[in-house]
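Visitor: I am new to reading protein models. Please walk me through this one, term by term.

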Amino acid sequence: MARITVSLESDLAIEVMLLAGTSSPQDAVELIVRDYLARGHRTEARTGDAADGRRVTPDRPTAQEG
């Protein structure tokens, strides 16, 4: 699998490591990205795809002033 390198400010990396309970910034960021993706998939499974919502729910008419 391909790898991507990103740069983070050291204080962000340290805070992520503390929150994730890991000893390396690489592991912490990977864990957080995986968690973010899993949450997105769970939300999609419950609510459907974002495009589905627009297709199913018609746009509300705007209030007319006058």
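Guide: Start with a definition: helices (H or I, at least four residues) and strands (E, at least two) are DSSP runs, numbered from the N terminus. By that rule, the protein reads α-α-α along the sequence. This is a predicted model, where local features need pLDDT of at least 70 and side-chain atom pairs count only at pLDDT 80 or more, while totals for chains, interfaces and linings use all residues. Residues are numbered from 1 along each chain as its sequence is written, and side-chain values use heavy atoms, with hydrogens and water left out.

Visitor: How many helices and strands does the protein have?
Guide: Three helices and zero strands.

Visitor: What makes alanine 28 a buried residue?
Guide: Buried means under 20% relative accessible area, exposed over 50%, and partly exposed in between (1.4 Å probe, protein chains only). Alanine 28 has a relative accessible area of 0%, so alanine 28 is buried. This residue is found in helix 2.

Visitor: Which residues does alanine 28 touch?
Guide: Contact means heavy atoms within 4.5 Å. Not counting residues up to four places away in sequence, alanine 28 touches Val16, Met17, Ala20 and Thr22. Glutamate 15 is 13 residues from alanine 28 in sequence and 9.5 Å away in space, C-alpha to C-alpha.

Visitor: What share of the protein is buried?
Guide: Buried residues make up 8% of the 66 residues.

Visitor: Which residues of helix 1 are buried?
Guide: In helix 1 (residues 10-20) they are Ala13, Val16 and Met17. They cover an arc of only 100 degrees around the axis, so they sit on the same side of helix 1. The arc is that of the directions from the helix axis to the C-beta atoms. Here is the general rule. An α-helix has 3.6 residues a turn, so residues three or four places apart point the same way.

Visitor: What covers the buried residues of helix 1?
Guide: The cover includes helix 2 (25-47). On the other side of helix 1, Leu18 and Leu19 are exposed.

Visitor: Why is leucine 19 called exposed?
Guide: Its relative accessible area is 71%, and the cut-off is over 50%, so leucine 19 counts as exposed. The C-alpha atoms of leucine 19 and isoleucine 32 are separated by 9.5 Å.

Visitor: How do you know that glycine 21 is exposed?
Guide: Glycine 21 has a relative accessible area of 65%, over the 50% limit, so the label is exposed. Glycine 21 is found in the loop between helix 1 and helix 2. Its phi is positive, near 70 degrees.

Visitor: Why does threonine 47 count as exposed?
Guide: Threonine 47 is at 60% relative accessibility, again over 50%, and therefore exposed. This threonine is found in helix 2.

Visitor: What makes threonine 43 and threonine 47 a polar contact?
Guide: A polar contact is a pair of N or O atoms within 3.5 Å; within protein, one must be able to donate a hydrogen and the other to accept it, and residues adjacent in sequence count only if both atoms are side-chain atoms. The backbone oxygen of threonine 43 lies 2.8 Å from a polar atom of the side chain of threonine 47. That distance of 2.8 Å is within 3.5 Å, so the pair meets the distance limit.
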